Amino acid sequence: MPSVETARKANMQNLKAEVNTLVQNFSEVESELQHSTDEDQKYKTTLLGFLKINQGKVKLLQTTVEGIDKLYLELVRYFGEDEATPPEDLFELMAKFATMLATAHAENESKRRRTMYETKRERRKQTISSVKGNQSMRDR
């Protein structure tokens with residue numbers, strides 16, 4: 001479950017804070033642009049270009065983080081966890097579970113193979129002793 005490992009390493013609180021800071025800074029640039037004088041035409045042109053290029057990206061990033069937040073709440077509810085549980089804690093638990101599940105699966109597979117091997121070995125022994133028994137009956 002590589003996605004659980006990746007999610008376990010991500011800190012949603014930091015991500016949300018950084019996106020909020022980015023949105024706030026972007027708004028400040030827009031405000032600065034509106035209050036700039038005509039003397040700053042080169043500055044204004046540069047900022048307008050920056051805003052045009054990045055406005056949709058910032059909005060998409062904000063929407064994506066909000067969507068992740070909603071999906072996380074659905075996940076928490078699905079597993080019956082407390083909604084206040086930090087994502088890092090939940091994903092850490094899920095990663096441990098996935099590791100333990102994989103270990104158990106490997107152990108079960110190993111046990112199955114060992115049992116199969118022992119069963120075949122036992123059958124061979126029975127076949128050999130049956131053949132020897134038949135030979136000794138004929139030799140009499």
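**Salt bridges and surface charge in a predicted model**

The structure, a predicted model, holds four salt bridges.

Trainee: About how many helical turns separate Glu 109 and Arg 113?

Mentor: Both residues belong to helix H4, where they are four residues apart. Because of that spacing, the separation between Glu 109 and Arg 113 is about one helical turn.

Trainee: Is Arg 113 buried or exposed?

Mentor: The relative accessible area of Arg 113 is 52%, and the class of exposed residues begins over 50%. Because its value passes that cut-off, Arg 113 counts as exposed.

Trainee: Which residue forms a salt bridge with Glu 83?

Mentor: Glu 83 is partly exposed, at 41% relative accessibility. Its side chain meets that of its partner at 2.8 Å, N to O, and this partner is Arg 77.

Trainee: In which helix is the place of Arg 123, a residue of the patch of positive charge?

Mentor: The patch on the surface gathers Lys 120, Arg 121, Arg 123, Arg 124 and Lys 125. Arg 123 counts as exposed at 55% relative accessibility, and its place is in the helix of residues 87-139, helix H4.

Key
Residues are numbered from 1 along each chain as its sequence is written. This is a predicted model: local features need pLDDT of at least 70, side-chain atom pairs count only at pLDDT 80 or more; totals for chains, interfaces and linings use all residues. Side-chain values use heavy atoms; hydrogens and water are left out. Patches are made of residues with over 30% relative accessible area and no salt bridge: like charges are joined within 9 Å, nonpolar side chains (Val, Leu, Ile, Met, Phe, Trp, Tyr) within 5 Å. Accessible areas come from the Shrake-Rupley method with a 1.4 Å probe; for residues, only the protein chains shown count as cover. Lys and Arg count as positive and Asp and Glu as negative; His and the chain ends are not counted. The place of a charge is taken as NZ of Lys, CZ of Arg, CG of Asp or CD of Glu. Helices (H or I, at least four residues) and strands (E, at least two) are DSSP runs, numbered from the N terminus. Buried means under 20% relative accessible area, exposed over 50%, partly exposed in between (1.4 Å probe, protein chains only).
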